[in-house]
Amino acid sequence: MTEPDGGSDLQAMRTRAVRDGDDYLVSGAKTFISNGGLADLVILAAKTDPAQRAAGVSLLVCEVGEDSPGFRRGRLLSKIGLKGNDTAELFFDDFRVPAANLLGGAEGLGFAQLMGQLPQERLVIGIGAVAAMERAIELTVAYVKERTAFGKPLIGHQNTRMVLAECATRTRASRVFLDDCIARHVRGELDVATAAMAKYWLTEGQCEVVDRCLQLFGGYGYTTEYPIAQMYADARAQKIYGGTNEIMKELIARAL
Ligand SMILES: Cc1cc2nc3c(=O)[nH]c(=O)nc-3n(C[C@H](O)[C@H](O)[C@H](O)COP(=O)(O)OP(=O)(O)OC[C@H]3O[C@@H](n4cnc5c(N)ncnc54)[C@H](O)[C@@H]3O)c2cc1C
């Protein structure tokens with residue numbers, strides 16, 4: 001989906017797919033593509049009708065390889081976190097895709113197809129957020145029971161107790177909300193606004209809880225030896241990808 005000129009305004013995407021006999025010729029650039037450095041099957045969002053916004057978007061299933069004419073992988077982006085996952089640029093220059101690979105069999109369905117599946121992606125992001133919050137608390141509780149300051153374990157200091165109580169409450173409430181979203185998803189009832197609420201609120205919670213837990217590790221929390229540091233760097237992207245949290249609030253507001 002995402003292009004160098006913008007990710008939030010998907011309808012303004014510039015990548016073009018022009019019909020040429022039994023194929024489409026695709027030209028354009030994508031960026032921030034998770035697993036783009038490794039993928040050999042890419043579902044590409046492109047405009048089959050550039051005069052239209054949403055109605056001009058189609059999804060093409062593209063088989064890509066290092067020797068595919070008209071296809072090139074760009075850099076792997078250097079990120080502050082999520083180091084185990086590649087995030088790449090992809091370039092298309094008259095790249096040929098069989099017309100049979102048009103997802104859904106008709107042009108212009110792409111935007112609706114994306115909107116249909118993005119709630120599930122946002123739910124998955126929310127699951128990661130709650131798992132990270134729970135793990136951060138687990139690691140921090142173990143640490144503050146071991147580490148001492150002023151003659152007693154950190155857990156004996158009132159601030160530590162209050163911070164962890166707040167984080168544990170936020171995390172429990174998050175899990176209950178998440179479980180409700182999962183149940184809605186299983187019933188096929190997870191709507192766009194509820195999924196946006198989950199993505200926005202759970203990832204905000206993740207960043208807040210991980211940050212507050214890191215503080216309780218003191219200086220060690222800032223060193224990469226301690227997993228909480230990596231969790232802090234990894235958490236930040238959660239508020240950005242899958243649609244930024246600002247866009248999530250737009251989606252929620254539209255449903256009010
Ligand atoms: C690690 C990582 C992995 C990613 N993986 C993928 C992937 O696999 N596939 C993919 O397609 N994309 C992927 N992305 C891209 C991601 O979805 C986009 O970065 C995101 O949608 C935002 O687009 P942008 O970066 O162009 O920011 P912009 O759209 O330029 O937004 C910049 C800022 O403006 C704000 N903004 C924009 N419009 C509005 C508005 N209407 N109201 C209020 N604020 C607004 C945004 O919230 C943001 O804060 C990934 C990104 C990262 C960091």
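Modeller: Start with Glu 134 and Arg 175. They form a salt bridge (a side-chain nitrogen of Lys or Arg within 4 Å of a carboxyl oxygen of Asp or Glu), and their closest N and O atoms are 2.7 Å apart. Glu 134 sits in helix H1, residues 110-146, while Arg 175 sits in helix H2, residues 158-186, so the bridge ties together parts 41 residues apart in sequence. Helices are DSSP runs of H or I with at least four residues, strands are runs of E with at least two, and both are numbered from the N terminus.

How covered are these two residues? Glu 134 is partly exposed, at 29% relative accessibility. Arg 175 is also partly exposed, at 33%. Here buried means under 20% relative accessible area, exposed means over 50%, and partly exposed lies in between, using a 1.4 Å probe and protein chains only.

A word on the source. This is a predicted model: local features need pLDDT of at least 70 and side-chain atom pairs count only at pLDDT 80 or more, whereas totals for chains, interfaces and linings use all residues. Residues are numbered from 1 along each chain as its sequence is written, and side-chain values use heavy atoms, leaving out hydrogens and water.

Next pair. The side chains of Arg 75 and Glu 89 meet in a salt bridge, with N and O 3.2 Å apart. Arg 75 belongs to strand S5 (71-76) and Glu 89 to strand S6 (87-98), so this bridge ties together parts 14 residues apart in sequence. Arg 75 is exposed, with a relative accessible area of 54%. Glu 89 counts as buried, at 14%.

Now go toward the start of the sequence. Asp 5 and Arg 14 join their side chains in a salt bridge, at 3.0 Å from N to O. Both residues are exposed.

Some bridges share partners. Asp 20, Asp 23 and Arg 96 are linked in a network of salt bridges. In total, the structure holds 14 salt bridges.

Finally, a glance at the ligand. A backbone N or O atom of Gly 7 lies 2.6 Å from a ligand oxygen. Ser 8 places a polar side-chain atom 2.6 Å from an oxygen of the ligand. A polar backbone atom of Phe 32 is 2.8 Å from a ligand nitrogen.

How values were computed: Polar contact = N/O pair within 3.5 Å; in protein donor to acceptor, adjacent residues only side chain to side chain.
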